[in-house]
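New notebook page, new structure. I'll jot down what I look up as I go, beginning with the pocket.

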Amino acid sequence: MITKGAYIRGTTKIAATGGYSNADKTMVYFVVNRFQIYKMKNIVRSIDDKAFVTISDVADVFKKND
């Protein structure tokens, strides 16, 4: 989970292998709305200034509520 002040988002960690380095990596996946992109990029950069970040449009998000 990424927490910064009142900003809380769940994350999914995915084990990955670097395509060039062949080193073990952890990919962190999360969804934010378009108004939260700038803030989330700043949070990621404060944790890892060399992080590779991609931004994609998402049509909808579904979650099973237990």
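**Pocket.** The lining of the largest pocket counts 31 residues. Nearest its centre I noted Val-28, Phe-30, Phe-52, Val-53 and Thr-54. For the space inside the largest pocket, I wrote down about 1100 Å³.

**Strands E3 and E4.** Next I looked at how these two pair. E3 covers residues 12-17 and E4 covers residues 24-29; they run antiparallel, with six bridges joining them. I picked out two facing pairs: Ile-14 stands opposite Met-27, and Ala-16 stands opposite Lys-25. Together E3 and E4 make a hairpin, with six residues between the strands. In that turn I stopped at Asn-22, which has a positive phi of about 60°.

**Asp-24.** Is this residue buried or exposed? I found it in strand E4. Its relative accessibility is 70%, and exposed means over 50%, so Asp-24 counts as exposed. I then checked what Asp-24 touches, leaving aside neighbours within four places in sequence: the contacts are Ala-16 and Thr-17.

**Helix H1.** On to residues 37-47, which form this helix. Which residues of H1 are buried? I listed Met-40, Ile-43 and Val-44. Looking down the axis of H1, I saw these buried residues fall within an arc of 95°, so they line one face of the helix. A reminder to myself: an α-helix has 3.6 residues a turn, so residues three or four places apart point the same way.

**Confidence.** The protein chain has a mean pLDDT of 84, and 85% of its residues reach 70 or more. Where is confidence lowest in the protein chain? That is strand E1, residues 2-4, with a mean of 57. Where pLDDT is low, the predicted coordinates should not be read in detail.

Methods
Residues numbered from 1 in each chain as written. Predicted model: local features only at pLDDT ≥ 70, side-chain atom pairs only at ≥ 80, totals over all residues. Heavy atoms only, no water. Pairing = 2+ DSSP bridges. Helix = DSSP H or I, 4+ residues; strand = E, 2+ residues; numbered from the N terminus. Buried < 20%, exposed > 50% of the residue type's maximum accessible area, 1.4 Å probe, protein only. Arc of directions from axis to C-beta. pLDDT = per-residue confidence, 0-100. Contact = heavy atoms within 4.5 Å. 1 Å grid on protein atoms, 1.4 Å probe; cavity = no way out; pocket = protein on both sides within 12 Å on 5 of 7 lines; lining within 4 Å. Points joined across faces, edges and corners; volume = space filled by probe spheres on them.
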